[in-house]
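Please work through the exercises below with the structure in view, trying each task before reading its solution.

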Amino acid sequence: MSDTISIAEIASLPTFYTPVASEDGDEVAVFYDGSGQLELYTLDVETGERTRVSDGNVPQDLKYPPRFGPDGERIYFHADEGGDEQNDVMAIDRDGSVTPVVENDSQIVLADVAPDGRLLYASDEGTQMNLYVRHPDGETAQVTDYDLPVRAGVFDPSGEQIAYAANESADLNNTDAYVAAADGTAPRRLDVGEDGAETEPIAWHPDGDRLLLSDDSTDTTRCGVYDLTTDEVRWYTDDGVVESPVAFLADDERFVAERTHECAVTPVVYDVETGESRTLDVPTGVASFPYLSSYRETAVVSETEVLFSYETPTQRPRLVVYDVETDSTRTLMAPEYGSIDPDRFVDCSYERFESHDGLDIEALVYDAGTRPSPVVVKVHGGPAGQDQRGFDLYAQFLVDRGYSVLEVNYRGSTGRGRAFKNAINGDLGGAEQGDIAAGTRWIAEQEWVDEDRIAVVGGSYGGYSTFMQLLTYPDLYAAGIARVGITDWRALYEESMPHFQAYAERMLGDPEENADLYRERSPVTQVDNLDAPLCIVHGVNDPRCPISQARLFREKLEAAGFEEGPDFEYVELSEGHGSTDIDQKIRSFELMEEFLTDRVPVASEPAAADD
């Protein structure tokens, strides 16, 4: 289409990633690719002045945020090899020099930095993902030792205690909040919630005696403040409302949270004493707060100001400082559009439909305006993710090419409570795939849709879903693109890191006891059902869904008599589990456009003239 946005232009739109505020709130560290490659910058909170710190010596594929050191003179970041996520922790000084700080052959995720410079990080260098502390002199000690993964580690204001989330229950859905001495001794589980619920510590109050908690014992996620001196907790979120706590404000009297409703996320501020709340004045869309770090949250910049970004389906992310007293905002990074007219981006509609068993399912629809319209069913990953009303670059790219887009928040998605999210457990690859298929049938029934030109695409769990949709519901789709998708659950389990194995057991049970289920829900056992062109795209450095998953499926296809070219396409990329690198985004868009144009063209073939 001659009037479409060029792939290079839309894929190269300057983007910022993972902003975090400094301990004193004067600066923000952020990754930004405005120069054509990712670099680390600092922003002056008062003036917005941008200073580049790195010079080509930070990763081009991001998974984790940076962290300021306690004196603000150095910034920590994660580095891996080509997206393999076997991260080391590096420190970059203000002159741009980089020094390795924590290195091993396993995955490392920096969780927090203490006032004296100790680093709290999670690593699977043992038999499971646990917490470790690295001292400024280089001494390192393991401080937790659990059989199931530990997450959400955070120092208290003094650095003498840590709070974290772990599970010692037989229920793999369970998560509890713990507090221990900073060296891991004297751990105690907070008596909060019920077995099978997820309770996590989010942030310390500046007094060091209270913790901001997230908990879903009442089904929907709620915000609470736990008093460690009395062992009492106060809950703030109304029943039926989905809220995730973020941080205490610097005035010690309020905290901020994110409220999710109808695929939109709104910032909320609570008064700790009275429990009164109000939403902040931002457009309907998605508000995103920074990652947290210590009691002085990386979302807080002053007594009354917080840092977050917001976006809508038609507006790219904007990074702002918001004053909760005056409802005024100060923009630190405005969205950039290059020569693209922002008005050409299309809004999405919020929809609900009834699934195969009567369950109510949420969906988002982007109407490209072509008639009759081809549709791309774009499936999110996770499965515990959610398609939200933010700016979706891939959806906008497809709409610009003339494809309408359907996004289905199938059971297993977040944003609607614990029961909805956990409904997939023990049935992965079953009813939630029926939700996606029901959504496809629903969109196909719309009078403006061409039911014969519907494709399905997705990455990660969305890639798995693409395989399953094409194999289980072959009558619904004209083509599919599976990116970094799972094809053999048992083979994946054998290759996975221990914390990923724990997640697989939560979804499918023990691989020995449930061998039949692992096999039944694996696309490799159903290759004979393929009846539409398939494009398989996978990163060779992917540690979550190893490249062997794609290669195994290709072998099965060839053994079943399918031919590469007419029946399927196969592409390996030099990346990991997705990428933020501009060149990789360009390649991804090119592959998508070439495949869809060839297999599911926007313009229908003209009818043959009568003789």
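**Exercise 1.** How many residues of helix 2 are buried, and why is helix 2 largely enclosed?

Solution. The model is a predicted one, in which local features need pLDDT of at least 70 and side-chain atom pairs count only at pLDDT 80 or more, while totals for chains, interfaces and linings use all residues. Residues are numbered from 1 along each chain as its sequence is written, and side-chain values use heavy atoms, with hydrogens and water left out. Helices (H or I, at least four residues) and strands (E, at least two) are DSSP runs numbered from the N terminus. Buried means under 20% relative accessible area, exposed over 50%, and partly exposed in between, with a 1.4 Å probe and protein chains only. By that rule 7 of the 8 residues of helix 2 are buried, so the rest of the structure largely encloses this helix. The buried residues are Leu-393, Ala-395, Gln-396, Phe-397, Leu-398, Val-399 and Asp-400. Their cover, judged by contact (heavy atoms within 4.5 Å), includes helix 1 (7–11), strand 30 (360–366), strand 31 (373–379), strand 32 (404–409) and helix 10.

**Exercise 2.** Describe the geometry of two aromatic pairs and place their residues in the chain.

Solution. Rings of Phe, Tyr and Trp (its six-membered ring) pair if their centres lie within 6.5 Å; planes under 30 degrees apart count as stacked, over 60 as edge-to-face and the rest as tilted. The structure holds 21 such aromatic pairs. In one of them, Tyr-236 and Phe-255 have ring centres 5.1 Å apart and planes at 80°, so the pair is edge-to-face. Tyr-236 lies in the loop between strand 20 (232–235) and strand 21 (242–248), whereas Phe-255 belongs to strand 22 (residues 254–261), so the pair ties together parts that are 19 residues apart in sequence. Both Tyr-236 and Phe-255 are buried.

For the second pair, the rings of Tyr-394 and Phe-589 have centres 4.6 Å apart and planes at 35°, so this pair is tilted. The pair links distant parts of the chain, with Tyr-394 in helix 2 (residues 393–400) and Phe-589 in helix 10 (residues 582–599), 195 residues apart. Tyr-394 is partly exposed, at a relative accessible area of 27%, while Phe-589 is buried, at 0% relative accessibility.

**Exercise 3.** At what angle do the axes of helix 4 and helix 5 cross, and which residues meet there?

Solution. Axes are lines fitted to C-alpha atoms, for helices over the stretch in contact, and angles run from 0 to 180 degrees between N-to-C directions. The axes of helix 4 (residues 431–444) and helix 5 (residues 461–472) come within 10 Å and cross at roughly 75°. Helix 4 is therefore roughly perpendicular to helix 5, given that angles under 35 degrees count as roughly parallel, over 145 as roughly antiparallel, 65 to 115 as roughly perpendicular and the rest as oblique. On the helix 4 side, Glu-432, Gln-433, Ile-436 and Ala-437 meet Tyr-461, Tyr-464, Ser-465, Met-468 and Gln-469 of helix 5.
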